[in-house]
Amino acid sequence: MRVILEVLQGPRKGRSFTFDRHDTFIVGRSRFVHCPMSDDMALSRDHFMIEINPPICELRDLGSTNGTFVNNERVSRARLASGDVIAAGQSLFRVRVELGSATSESGGAVAGRPGEEGGIAAIRCSGCGVAAPMDVTVTGPVSGEATEVVEWWCPLCRAESGALPQPVPHYTTLREIGRGAMGIVYQARHNQTGQMAALKLIMPETATTRTAIDRFYREMSVISRLRHPNIVEWYEQGMTRGQFWFAMELVAGTNLEALVNEQGGPYPVNQACRLICQVLKGLEQAHRMGFVHRDIKPENILITRNEDGLIAKISDFGLAKSFRGVGLSGLTFSGEMRGTIPFMPPEQMLDFKTVTPLADLYSTAATLYYMLTQNYIYDEPAGGGDLIRMLLEERPVPILQRRRDIPRELAAVIEKCLAREPKERFPDAASMRRAFKPFC
């Protein structure tokens, strides 16, 4: 299953770009984008972006001056189908969607028939058994079996499943403790041991192959080996009535975002640096084991307390990466990423596949910046402008412009951590933590 973007006209005529997994593709004059065309003055620096999660792909114009057109119609955002033609500046691009099974006119996977060679088994709702529409879109890798099993829930069953906490084997749900872009979290009790846990429930956004679900389980099982006092412990996982569930350590407290907002004034510099050093301790262990979080932000840092004071714990380690990476999330930049983009390093936007530990360090510094200023590292775009374009083009607002009482030496460390080029940042979590230590 893949999406191919063919260049029909313009400076890159004859090129093609192929995507077989969740990715982004940005076109413009900037040297940082995937398809740079510096000599086409009709293009903006960051003109348009396509987010791909085969077979789904969606285009969004990044506030370009001359506009982006799909099939001769100017658009700000459009879901793309196989055969669509995109016009921007002097260039024309054609979208082609290739699937292991038959394709529909809309570019999605067709709900196949049992026994089709290389096809997908007949798709029915896993809740009520109703047949899926013939043009249902299926995401995720395919096993290569003649009939790939697909997990799909009809709109009625999805709504019913989302309205009430679903029964999870050997857990009793007690109360809701939080909601976010990646699901609902409940306090729950293990029926046999009595152990309290945080139970997160997430439903895949699209019809999903069993191969994708199995791969997701394998990836999360590997991450569950991660143990550190500053990382929320992972207990177990499963799936019930279309929802993934994850049992994790229950952290009695709040998260970093709420802690800062409840402060009622500037957050103390020494306390902020102490908490960030704890986050870096957790990242140091994770990076040593080969894991990258990819979604460090205040909401994902949980705060508890012991006799020594506040304790920071990183939550959802690897969850976003694995969920999106195997195609379970649909598309992520349609709104639910708004709270993530301000903490995301530019290289992560440009290359989903090869994100390094240095991305986590950038996001940690952006989180500290937020703690100290209650602002993102750049101003909100005026007039509802695009956060993605701002991430790619704008330099961070110097922290001393936000808060003048921050030591200049600390401001310099934060500026280094937020360098656009990863090689200009600290090389690892340990050296970054040593740089913050004097301010704790």
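**Strands and cores**

Mentor: Strand E22 (residues 254-255) and strand E23 (residues 301-306) run antiparallel and are joined by two bridges. This is a predicted model, where local features need pLDDT of at least 70, side-chain atom pairs count only at pLDDT 80 or more, and totals for chains, interfaces and linings use all residues. Residues are numbered from 1 along each chain as its sequence is written, and side-chain values use heavy atoms, with hydrogens and water left out.

Trainee: Why are E22 and E23 called paired strands?

Mentor: Strands (E, at least two residues) are DSSP runs, numbered from the N terminus. Two strands pair if DSSP finds at least two bridges between them. E22 and E23 have two bridges, so they pair. Asn255 has Leu302 in E23 as its bridge partner.

Trainee: What makes E23 and strand E24 (residues 309-314) a pair?

Mentor: Six bridges link them in the antiparallel sense, and the definition asks for at least two. Ile303 stands opposite Ala312 in E24. E23 and E24 form a hairpin, with two residues between them.

Trainee: What makes the 79 residues a nonpolar core?

Mentor: Such a core is a set of buried (under 20% relative accessible area, 1.4 Å probe, protein chains only) Ala, Val, Leu, Ile, Met, Phe, Trp, Tyr and Cys residues joined through side-chain atoms within 4.5 Å. Leu275 and Phe317 are among the members of this largest core that touch the most others. Apart from it lies another core, of 25 residues, including Val3 and Met37.

How values were computed. Helix = DSSP H or I, 4+ residues; strand = E, 2+ residues; numbered from the N terminus. Buried < 20%, exposed > 50% of the residue type's maximum accessible area, 1.4 Å probe, protein only.
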